[in-house]
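Subject: Structure handover

Hello,

Here is the structure that you are taking over. My notes on what was found follow below.

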Protein chains: 2
Amino acid sequence: MGSVSREVDEWTEEPNLHPKRRPISAAQRGVAATSSSEQFKTKSCKHKPEARRWHPYMSTESTSRTGSTLKNAAKHLSNPEVISLGGGIPLSDYFPFEEVILRPSSLDNLNDGEKTSSQTTLHATKHDIADGTSEYDLSVALNYCQGSGSAQFMRWIVEHTEILHDPPYADWQCSMTVGNTSAFDMCLRMLTKPGDCVLADKYTYSSAVETAMPLGVKFIGVDMDREGMLPDSLDEILETWNPEKHNNARKPSVLYAIPTGQNPTGTTQSFQRRKAIYKVAQKHNLIILEDDPYYFLQMDEYVDGASASEIHSPVEFLKKLVPSYLRLDVDGRVMRMDSFSKVIIPGARLGWITAPEQLIERYKRHSDVSTQSPAGLSQLMFFKLLDEHWGHEGYTRWLMHLRKQYTMRRDFIVSACERYLPKHIVSWEPTNAGMFQWLKVDWEQHPDAKDKTAELIEEEIWLESISTGALLGCGTWFRASKDVPCNEVFYRTTFAAAPLPKIEEAVKRFGETIRKVFEPKEEN
Amino acid sequence: MGSVSREVDEWTEEPNLHPKRRPISAAQRGVAATSSSEQFKTKSCKHKPEARRWHPYMSTESTSRTGSTLKNAAKHLSNPEVISLGGGIPLSDYFPFEEVILRPSSLDNLNDGEKTSSQTTLHATKHDIADGTSEYDLSVALNYCQGSGSAQFMRWIVEHTEILHDPPYADWQCSMTVGNTSAFDMCLRMLTKPGDCVLADKYTYSSAVETAMPLGVKFIGVDMDREGMLPDSLDEILETWNPEKHNNARKPSVLYAIPTGQNPTGTTQSFQRRKAIYKVAQKHNLIILEDDPYYFLQMDEYVDGASASEIHSPVEFLKKLVPSYLRLDVDGRVMRMDSFSKVIIPGARLGWITAPEQLIERYKRHSDVSTQSPAGLSQLMFFKLLDEHWGHEGYTRWLMHLRKQYTMRRDFIVSACERYLPKHIVSWEPTNAGMFQWLKVDWEQHPDAKDKTAELIEEEIWLESISTGALLGCGTWFRASKDVPCNEVFYRTTFAAAPLPKIEEAVKRFGETIRKVFEPKEEN
């Protein structure tokens, strides 16, 4: 049995928010220029081991990719003397946008109730690179781009990944993605074939299940407790794997994990739990797909509506975060999917993956002939905000602000639940990260519990709640597969999407719904 | 044998650049709101036949898609009374962008040599919808979106499609895409299975071949002449299809076509040619994937460096365009892929497909669990420019400008070829659309032609040309498959990507390369 061979400590080194940057060469700044995330690492990886080899895990689709002939030919353009009559790449003269101006939110007044508007503006024209005013401009950002994204914004991503996760193996790399949903789809096509099974939490992100299903890939639900996935349950499924019980599926080699603020249950795996799961992954040689959009929305424990312990510095904030799987990844078995959707904007459709070079190389080849790069304007707006304007420290201050806001919102919904929900029917564990509060309904107290299934009662409550004007998510939507029994009733609520008074009103309506459905005589 | 049942005339009606718009309801304007392209058609389709049924053509992957549970639930939010605690959708309060300002190019001075800078600015904040100043704003554009895109920009796309192509069947719809490369990948996954063959021009877009290959889908090259694909060759391949000669592949049901400014050969199918190909498609019941990014880059014939006939009005411009396959599509057998990459910017990663509702519905379900929507800022910038600022007429004026520019560039490269290339070795047909000039090299005049293959000589010339500083594309890169014999030597050049003096210099260098390689004694 394998083990985490080097004990990874929580932040033995102080996070360095001002790493010494690596330069971007003139050739790497150009239109559709090739670059590698490797070159932007600020720390040496020489003392680290190489990742395991994953080629036997790759699908036929993935191994047969030859990549893009045209994008390969573009490497000759790194010689500035070479004139390209090769690619059908339009000149920026014919782009009908002369300038883009962004007005970002100010970091100065984030903690005051009254948010004063920022006077800062961030500018981009077609000539900023030529003029020497910026390393990135509209002539490059609005043109074609390599599938892995531009060198300009990739540098920030690599530095950020190093500051936050500092993967303990040498050959890690990054590639931009058009979001975690797409990244997951592409990872599945790389690592599975029809008939395969993927391991996941018993209740998991429904969109991930729906992405896998048409590929002939089935999720297998692992039991959970208040810290999410149970390592013993994971180990048992793998130890006792019998293909005959799973339509002749081979033993799974992929684990899908949402370790922080899990969707839908809101659970967060502790550091100990992560280490235990990683050990099981080592024992059975699993690849872990770490889907972690809520990583920065970690909160203090809920304490009777008065949590919100103060965090005073960006470094203190970072050191409070539970280490990711990537930070534990001595073997190079984690493909981490990072998202800006919950911490900047979802509409950029820009995220990134971090994984061993072998896997990133396959991913990039797939991007080149499918999604291509994230939109250039998305890359540009993030570059302007995160690289040129805020830097890593400013971004961390923004994340501190979000932590405070989401903590306040979590406190608000939990306190509304306490006030409006009948506790003998509805119960919950206050969530510690992310956007979701999971509610359990004791359906067996329903007057018709003997005649109706839990699933029918779940739907009845859901529809009744909509008719009173409160839309929740049903627990059954999130089952890893139809094999997860429908013997419990849960609802997923979010404290992210509505203004506070509306959240209160919706919880109140849901409480009324529960009372009406469970105590029909009183209501009629 | 089928036939084009209603004769489609070239523009029997005058194109109407100011159609009477259909409204977008308040609910359809909201975050991740559902909408259908159907509702934005300005003309009645009642008199038109329904599309054929294509369900038997769909792959198992595609037919087994159930779509996104969470996005389905969002339909309940069309009732403004319902408060959502359902989706993990962040509030725009937490988007760190307060305003986006775009300065577009001015349409006024396009024809003067001196382009004066536009003073117009296009603004978007988070509150424009609430303030009533716009139907689209940052609160919506920067948030999540349905896979098919926002209603706001979809309306413009549907109107544009109706003005340009007015499909002659009733149930056509549109969905936005993240570009034609991704759309083609998704269409293949919808319509083919491993082992299938897809029909295409003998020389075709290499990225399309490379997208198909890892899916186990092979291209079959159809012979071409100066108008592109030959209908008789297409018919013969299908008539004489013998699975045993194609690794037991079933008879192809998909035709991949680049009808205008074909990549790489630059050929454009005439209206007559399109009708003839469509008839063969009817006879063998093919679906046509019409990949048409160069549609608006149609030019007048090259006449000794003095083409550039004047076009005086937007309507005149539109009426000069060769009708698309979509415009001929009485059966609903065309999936047309439209791109902004060559006429606005490539970096938006935003295009759209038009096809029968059955196929669009499957496409949308796939988007919802993979690429999701195009980036919101891309949608917003196109909406601001094309819908709120230029309108259909202004956009057409922009396209007229591009026609003029690309005609001038085509004239320039052809005239450079005439001056610098040895005509007894290199020959060409001046291209009439798009970005590419295809050059044929009579390799048999090479001094080592008896000992070397055409492919070796092609590579030798290519490398020699790079060493002199001119990068071209090799013809063999674009072969539909390895079955297309390497008995000719071609190069693809583009007149789109480099400034004019550089194009001249590169053609000159290529001419020197040819002379050096073909007449080594004179050089040494």
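Two strands pair if DSSP finds at least two bridges between them; helices (H or I, at least four residues) and strands (E, at least two) are DSSP runs, numbered from the N terminus. This is a predicted model, where local features need pLDDT of at least 70 and side-chain atom pairs count only at pLDDT 80 or more, while totals for chains, interfaces and linings use all residues. Residues are numbered from 1 along each chain as its sequence is written, chains are lettered from A and ligands numbered from 1 in the order in which they are written, and side-chain values use heavy atoms, with hydrogens and water left out.

The sheet: in chain A, four strands make an open, antiparallel sheet in the order E13-E14-E17-E16. Strands E13 (426-427) and E16 (473-474) of chain A are at the edges with a single partner strand each, so one side of each has no neighbour in the sheet. Six bridges join E14 (residues 436-441) and E17 (residues 489-494) of chain A in the antiparallel sense. In this sheet, Gln437(A) is opposite Thr493(A) of E17(A).

Regards
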